[in-house]
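Please read them with the coordinates open.

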Amino acid sequence: RLPDNGWMNPPAQLHWLENGIEQSVRWRSESGALPPRRVVLADDTMGADAAYRLACEGTALLWRGDFHNARQMLQALARRVDRKPRRRATPQAADPSTPAQAFHLHRQAQAQRARVLGMLIIPLAADFSVPLRRAPDFRDACSEAWDGDARTARDGAASVVSLRELSGVVGAHEWRKKGVEVASLGGPGHNRIHPHYGVFSPVRGEYVELVAQAPLPSNTLAFDVGVGTGVLSAVLAHRGVQRVVATDQDPRALACARDNLQRLGLQEQVEVVQADLFPSLALYGQAPLIVCNPPWVPARASTPVEHAVYDPDSRMLRGFLDGLAAHLAPQGEGWLVLSDLAEHLGLRPREQLLGWIEAAGLEVRGRIDVHPHHPKVGVAGDSLHAARAAEVTSLWRLTDRSQS
């Protein structure tokens, strides 16, 4: 975020006392969490129970021991966080009475888990190497995640990051190298999307399949609103749409989409532009097809990558619906690709969605449904299992009602 003078806010600093000397280094947090106020030095001699008590109190554990032992410590903390507490005979211990309450309790538990596990802190040298015994070389992974973003790039100084977040950076690096296979893009070797750090991976393939199968109203021009990795733009281009204009406002998503379209040889067919929702009417006019896969749960995101799932007050969904008619060419279609998970969680009723469609001057020409097949659907012990088992992802074919 830029202050009024246009300069970037200085990076947050973690402060602690070591050998009687006050120390201070850059604090890295993808979620924007403030650095802990209390810090203790931790190493291989610290027990997991003591570490857990400190972490629950909000005390950061700045690791000075063996890196592999730090990983084991993180696993030990996770086991303690995930240990189910004994049920107490109090009103607070009762099962949530509504799906919405279950969802909010689930999000609170996730946030608490993230806070506790985020207390185990790892030092990084200025070149992103980890100055700990038996530490792997994470420099390439950290450079991919942070060097391309002015908010997080290295600045010639040491820094610290939670081991949990560092593990996410490394995992994203491996996903980026391997890529995600998308059957709708053709045969092996030509059908992989490589997600960047902080950009939602297209592992939920059902929404991609919907865009690959719905009948095209035109093959001349399409807008892809919220391009992400570029997967839907690539599918449209692969289907023969002559020109696609894809938008996003996240610099990481824009870079990721351009990289994937370049890999697939579609950079001439798809133009990626920075915009909040629709491309400029003055520059690009109207399109006969506009596609949007907005976040499907109206709740606050905790990290940038969660913005692909959580959208407070359904801002992107409502913005897309409200602006769609003005950007649609005559007889064109807007494809709204949306899960109904929010409906099963009691967060947004179907009647509200239909009311927004009508208020925007739109009507439903048709709808294609598919049941998700991601792994969480089959996890019966999950507190949100009933909602996930009932979930349906739909492609709503919307048109301008005044054109009917």
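1. I begin with helix 4 (residues 139–146) and helix 5, which pack at an angle of about 90° with their axes 9 Å apart; axes here are lines fitted to C-alpha atoms, for helices over the stretch in contact, and angles run from 0 to 180 degrees between N-to-C directions. Helices (H or I, at least four residues) and strands (E, at least two) are DSSP runs, numbered from the N terminus. Helix 4 and helix 5 are therefore roughly perpendicular to each other, given that angles under 35 degrees count as roughly parallel, over 145 as roughly antiparallel, 65 to 115 as roughly perpendicular and the rest as oblique.

2. As to the basis of these values, the model is predicted, with local features needing pLDDT of at least 70 and side-chain atom pairs counting only at pLDDT 80 or more, while totals for chains, interfaces and linings use all residues. Residues are numbered from 1 along each chain as its sequence is written, and side-chain values use heavy atoms, with hydrogens and water left out.

3. Which residues of helix 4 meet helix 5? From helix 4 they are Asp-140, Ala-141, Cys-142, Glu-144, Ala-145 and Trp-146, and these meet Leu-166, Val-169, Val-170, His-173 and Arg-176 in helix 5, where contact means heavy atoms within 4.5 Å. By class, this contact has seven nonpolar, one polar and three charged residues (Ala, Val, Leu, Ile, Met, Phe, Trp, Tyr, Cys and Pro count as nonpolar, Asp, Glu, Lys and Arg as charged, and the others, Gly among them, as polar).

4. Helix 5 (residues 163–178) also lies across strand 2 (21–28), strand 5 and strand 6 (159–162), and runs at about 85° to strand 6. An open sheet of six strands has the order 1-2-6-5-4-3, with mixed pairing; two strands pair if DSSP finds at least two bridges between them. Strand 1 (13–18) and strand 3 are its edge strands, each pairing on one side only.

5. Strand 4 pairs in the parallel sense with strand 3 (residues 38–42) over five bridges, Leu-62 being the bridge partner of Leu-41. Two bridges join strand 4 to strand 5 (residues 120–124), and these two run parallel; Leu-62 stands opposite Ile-121, and Leu-61 opposite Leu-120.

6. Strand 14 pairs in the antiparallel sense with strand 15 (residues 393–400) over eight bridges, and Glu-363 stands opposite Thr-399 in strand 15.
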